[in-house]
Every structure is written in structure tokens, then in C-alpha cells.
Amino acid sequence: HTLVWGKASANPPWLMALTDPVDFRAATLDAITTEVTHFAGRVDRWDVVNEPFLPDTAGLDHNAFYDRIGPDYVDVAFRTAHAADPSAELWLNEASLERGHSRADA
């Protein structure tokens with residue numbers, strides 16, 4: 001349901017096997033561009049990044065995207081999705097924000 005999710009089991013094994021940051025970034029951006037472009041005009045909103053924050057903190061989870069693309073991976077994913085379909089709504093999905101955790105502020 002999402003374009004980028006740091007949970008390793010939510011991603012294709014071939015992507016998680018890419019340890020070179022340049023190759024990982026290129027594959028991630030290509031996947032976002034390909035999927036969003038393919039469905040442009042048919043999907044009007046995208047869950048671009050899913051649960052990027054650590055539980056009960058405002059810090060980003062140091063997942064494969066953080067480690068291989070950098071701390072700006074959320075921004076990079078949103079900019080890539082927007083470039084692929086500027087008319088689509090773009091969303092960040094985060095759990096438990098209604099409980100007043102610092103993630104809501106982040």
C-alpha cells in the first residue's frame with residue numbers, strides 16, 4: 001500500500017539485497033517513478049512513505065532507505081512521486097500520532 005516502507009519484509013528481496021547506495025537509490029527512484037507514472041490519472045493519492053519515525057520519538061528510523069539514501073530519503077521519495085504525477089495527493093502514513101507522541105510534531 002506504500003511506495004517506501006523501511007520495514008525490510010515489506011520490500012522486494014532484490015531491493016534489500018542492493019547494498020551499494022548509488023544502486024539502491026537508483027532502483028528506489030526508478031520504482032517510484034515507474035509505478036506512479038503507470039497509474040497517473042487513475043490513482044489520485046499515494047501513500048508515499050510509511051512509518052518513517054522511531055516509536056515514541058521524533059527521530060527517523062535508521063532503515064535501509066535512511067542508511068543507503070540518507071536522512072533526506074522521505075523528501076526524495078515525495079519529490080520523485082510528485083515529479084511522476086504532479087496532480088496526485090501525496091501522503092505520509094504514521095501510526096499512533098493521535099496519542100500525542102513527538103512523532104506528531106515531527
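Colleague: In this predicted model, which side chain is joined to that of Asn63 by a polar contact of 3.2 Å?

Modeller: Asn63 is found in the loop between strand S2 (45–50) and H3. Leaving aside residues up to four places away in sequence, Asn63 touches Gly6 and Tyr73. The side chain that makes the polar contact of 3.2 Å with the side chain of Asn63 is that of Tyr73.

Colleague: Which backbone nitrogen lies 2.9 Å from a polar atom of the side chain of Asn63?

Modeller: The side chain of Asn63 has a polar contact with the side chain of Tyr73. A polar atom of the Asn63 side chain also lies 2.9 Å from a backbone nitrogen, and the residue that supplies this nitrogen is Tyr66.

Colleague: Is Asn63 buried or exposed?

Modeller: The relative accessible area of Asn63 is 6%. Buried means under 20%. Because 6% falls under that limit, Asn63 is classed as buried.

Colleague: How many aromatic pairs does a search of the whole structure find?

Modeller: A pair of aromatic rings is described by the distance of the centres and the angle of the planes. Applied to the whole structure, the search gives a total of three.

Colleague: What is the geometry of the aromatic pair formed by Phe39 and Trp46?

Modeller: The ring centres of Phe39 and Trp46 are 6.4 Å apart, and the angle between the planes is 55°. Planes under 30 degrees apart count as stacked and those over 60 as edge-to-face. Because 55° lies between these limits, the pair of Phe39 and Trp46 is tilted.

Colleague: Why is the pair of Phe65 and Tyr73 assigned its class?

Modeller: The centres of the Phe65 and Tyr73 rings are 6.1 Å apart, with the planes at 25°. The limit for stacking is under 30 degrees. Because 25° meets that limit, the pair of Phe65 and Tyr73 is stacked.

Colleague: Which residue forms one aromatic cluster with Phe65 and Tyr73?

Modeller: Phe65 is buried at 2% relative accessibility, and Tyr73 is likewise buried at 2%. The aromatic cluster that contains Phe65 and Tyr73 also includes Phe24.

Colleague: Which class of accessibility applies to Phe39?

Modeller: Its partner in the tilted pair, Trp46, is buried at 9% relative accessibility. Phe39 has a relative accessibility of 30%. Because this value lies between the limits of 20% and 50%, Phe39 counts as partly exposed.

Colleague: Which element supplies the largest share of the lining of the largest pocket?

Modeller: The largest pocket has a volume of about 230 Å³ and is lined by 16 residues, with Thr2, Leu3, Asn11, Pro12 and Ala31 nearest its centre. The lining divides into 11 nonpolar, four polar and one charged. Strand S1 (4–5), helix H1 (13–16) and helix H2 (21–39) each supply at least two of the lining residues. The largest share, five residues, belongs to H2.

Colleague: What is the value of phi near which Glu51 lies?

Modeller: Most residues other than glycine have a negative phi. Glu51, in the loop between S2 and H3, is partly exposed with a relative accessible area of 30%. Its phi is positive, near 45°.

Colleague: What distance separates the C-alpha atoms of Gly70 and Glu94?

Modeller: Gly70 has its place in the loop between helix H3 (64–69) and helix H4 (73–84), and counts as buried at 11% relative accessibility. Gly70 and Glu94 are 24 residues apart along the chain, and the separation of their C-alpha atoms is 19 Å.

Notes:
Residues numbered from 1 in each chain as written. Predicted model: local features only at pLDDT ≥ 70, side-chain atom pairs only at ≥ 80, totals over all residues. Heavy atoms only, no water. 1 Å grid on protein atoms, 1.4 Å probe; cavity = no way out; pocket = protein on both sides within 12 Å on 5 of 7 lines; lining within 4 Å. Points joined across faces, edges and corners; volume = space filled by probe spheres on them. Helix = DSSP H or I, 4+ residues; strand = E, 2+ residues; numbered from the N terminus. Nonpolar A, V, L, I, M, F, W, Y, C, P; charged D, E, K, R; others polar. Buried < 20%, exposed > 50% of the residue type's maximum accessible area, 1.4 Å probe, protein only. Polar contact = N/O pair within 3.5 Å; in protein donor to acceptor, adjacent residues only side chain to side chain. Contact = heavy atoms within 4.5 Å. Phe/Tyr/Trp six-rings, centres within 6.5 Å; stacked < 30°, edge-to-face > 60°.
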